[in-house]
Amino acid sequence: MAEAPRVAELSPEPVRSEAADVAIGLWTVGDSSKVGTVARIAQDSIHTHLAGHTAVLIHVDASVPDEAREQAEHAADGLRVVRVPLVRSGAADRPQAGWCEAVRAVLGTSRTLHTRAVVMLNAGISSTTPEWIRGLAQPVLKDGCGFVLPVYERGRYEGTLTQVFVVPLMRTLFGHQFWYPMADEFGCSAEVAELLLAQDIWTTDLAQQGLEFWLPAAAAEGPLPLAQSVLGPRLLEATGQQPPLGATVGRVAGSLFSIAERHEAGWLEVRGSEPVALFGTPPAPAKRGTALDPERMLEGFRQGVRDLLPIWERILSPESLGDVLVLNECSTGEFRLPDRLWARVVFDFLLAYRARVMYRSHIARSLAPLYLGCAASLVLETRGLPDAAVAQATERLARTFEDEKPYLVDRWR
């Protein structure tokens, strides 16, 4: 894996080493206004749900003025705040890199503070409640879990890239039935924090582009059980213009493919999958979200056939490419991308990425139109049907990925 620019180091500012049971990590970018809000939520959670435990808020920010820092600590109203400024942050133009630096800083500081559990929160989520901190900390403190992923209430088509790509691929590789195997918030034990810090990942491009995908894969290699905790709706604050779909798919696909390459010893012998402990009641789909337009998505798929065929010819097997070209001739009403074909397309892309048949970034980004075809197929199959139909379709897809895994393993070896 190529080396990325060196991540930020902790500043030499000393950290008092009094122990705490729970470290709550929060990363901001030049804005300490959220610290007081999160501190009050943390205090409420500790007093109401985690009585008898002590907590510390670890605030990571590269550029908070002293005056703002004092205001934030005053707003914390008694909860101890440890400020960890970074020498440099990649947040301004590389948000994933900034998140990587912040997570590493929080894990390192929690080790200094001898905490039993770490809860990493996302400052961009406006729906955080005291129950969230309990949900991420309690399985560690009371149930001996090593790593806890959140389960959010989502709309039926919200996070389609996760539903049809991230979930089935990660489940098939590593055998864990996560609802959402993405740690942009998480809880973990001191033992797992130590395990993660010891990995030689933190200066790599994988960490700075896809840490949220790598964390659960790495934590699964530890001795402590994994868990999931139902939190509630995940409402993000507006952050301006979103990156193009090709860039998003490229980042996600490149990260997952790199994880597969890095951790091949952990998945080549895995067959099937097992449920992961779930704390809380599985959420029903939320009654919100913008309806997806399958016709528009199919326009993107067909544009990909016109523009990317020379690239796909080097990536896809002849059988898969032929099936894709047949689909290109289908009308919207007739279009259905079979689960088996999508699984083999993803595996072909992973194999091409490993073999470096061309620039890896080109491989990963060129998956985007095919993903649009898969997402359009899901919408066309389930629109007008109850919400349960979407869950059934995505579960069927994940099982098909598992059934097709020998196709990947045989060619990988």
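**Entry 1: L327**

I began with L327, which is buried at a relative accessible area of 8% (buried is under 20%, exposed over 50% and partly exposed in between, with a 1.4 Å probe and protein chains only). The model is a predicted one, in which local features need pLDDT of at least 70 and side-chain atom pairs count only at pLDDT 80 or more, while totals for chains, interfaces and linings use all residues. Residues are numbered from 1 along each chain as its sequence is written, and side-chain values use heavy atoms, with hydrogens and water left out.

I placed L327 in helix α10, residues 318-327 (helices are DSSP runs of H or I with at least four residues, strands are runs of E with at least two, and both are numbered from the N terminus). Setting aside neighbours within four places in sequence, I listed F301, F335, R336, L337, P338 and L341 as the contacts of L327 (contact means heavy atoms within 4.5 Å). I also noted G373, which is 46 residues from L327 in sequence and 9.1 Å from it in space, C-alpha to C-alpha.

**Entry 2: S229**

Next I looked up S229, in strand β8, residues 226-233. S229 is buried, with a relative accessible area of 3%. Not counting residues up to four places away in sequence, I found S229 touching G135, L136, V148, L149, P150, V151, L278 and F279.

I checked β3 (residues 80-84) and found five of its five residues buried, so the strand is largely enclosed by the rest of the structure. R80, V82 and V84 cover one side and V81 and R83 the other, all of them buried. I recorded β2 (residues 55-60) as the parallel partner of β3, over five bridges (two strands pair if DSSP finds at least two bridges between them). Opposite R80 of β3 I found V56.

I then took β4, residues 117-121, where five of five residues are again buried, so β4 is largely enclosed by the rest of the structure. One face holds A117, V119 and L121, the other V118 and M120, and all are buried. β1 (residues 22-27) pairs with β4 in the parallel sense over five bridges, and the bridge partner of V22 is A117. β7 (residues 186-189) runs antiparallel to β4 and is joined to it by four bridges. Here I noted V119 opposite G187.

**Entry 3: cores**

In soluble globular proteins, nonpolar side chains tend to be buried together. I looked for nonpolar cores (sets of buried Ala, Val, Leu, Ile, Met, Phe, Trp, Tyr and Cys residues joined through side-chain atoms within 4.5 Å). The largest has 108 residues, and F147, F165, W214, W342 and F349 have the most contacts inside it. Helix α11 (residues 339-355) gives the most to this core, with 11 residues. A second, separate core has 30 residues, including V35, L50, L57 and I125.

**Entry 4: cavities and a pocket**

I searched the whole structure and found two cavities of 30 Å³ or more. The search used a 1 Å grid over the protein atoms alone: a cavity is a set of points where a 1.4 Å probe fits but cannot get out, a pocket is an open set with protein on both sides within 12 Å along at least five of seven lines, and lining residues have an atom within 4 Å of a point. Points are joined across faces, edges and corners, and a volume is the space filled by probe spheres set on the points.

The largest cavity holds about 70 Å³. I listed its lining as M170, R171, F174, H176, F178, P181, P216, A217 and A220. α5 gives the most to this lining, with three residues. By class I noted seven nonpolar, one polar and one charged (Ala, Val, Leu, Ile, Met, Phe, Trp, Tyr, Cys and Pro count as nonpolar, Asp, Glu, Lys and Arg as charged, and the others, Gly among them, as polar).

The second largest pocket has a volume of about 620 Å³. Of its 26 lining residues, Q163, W179, Y180, A391 and T394 are the closest to its centre. β5 (147-153), α5 (160-174) and α14 (387-403) each supply at least two residues of this lining, and α14 gives the most, with six. I recorded 14 nonpolar, five polar and seven charged residues in the lining of this pocket.
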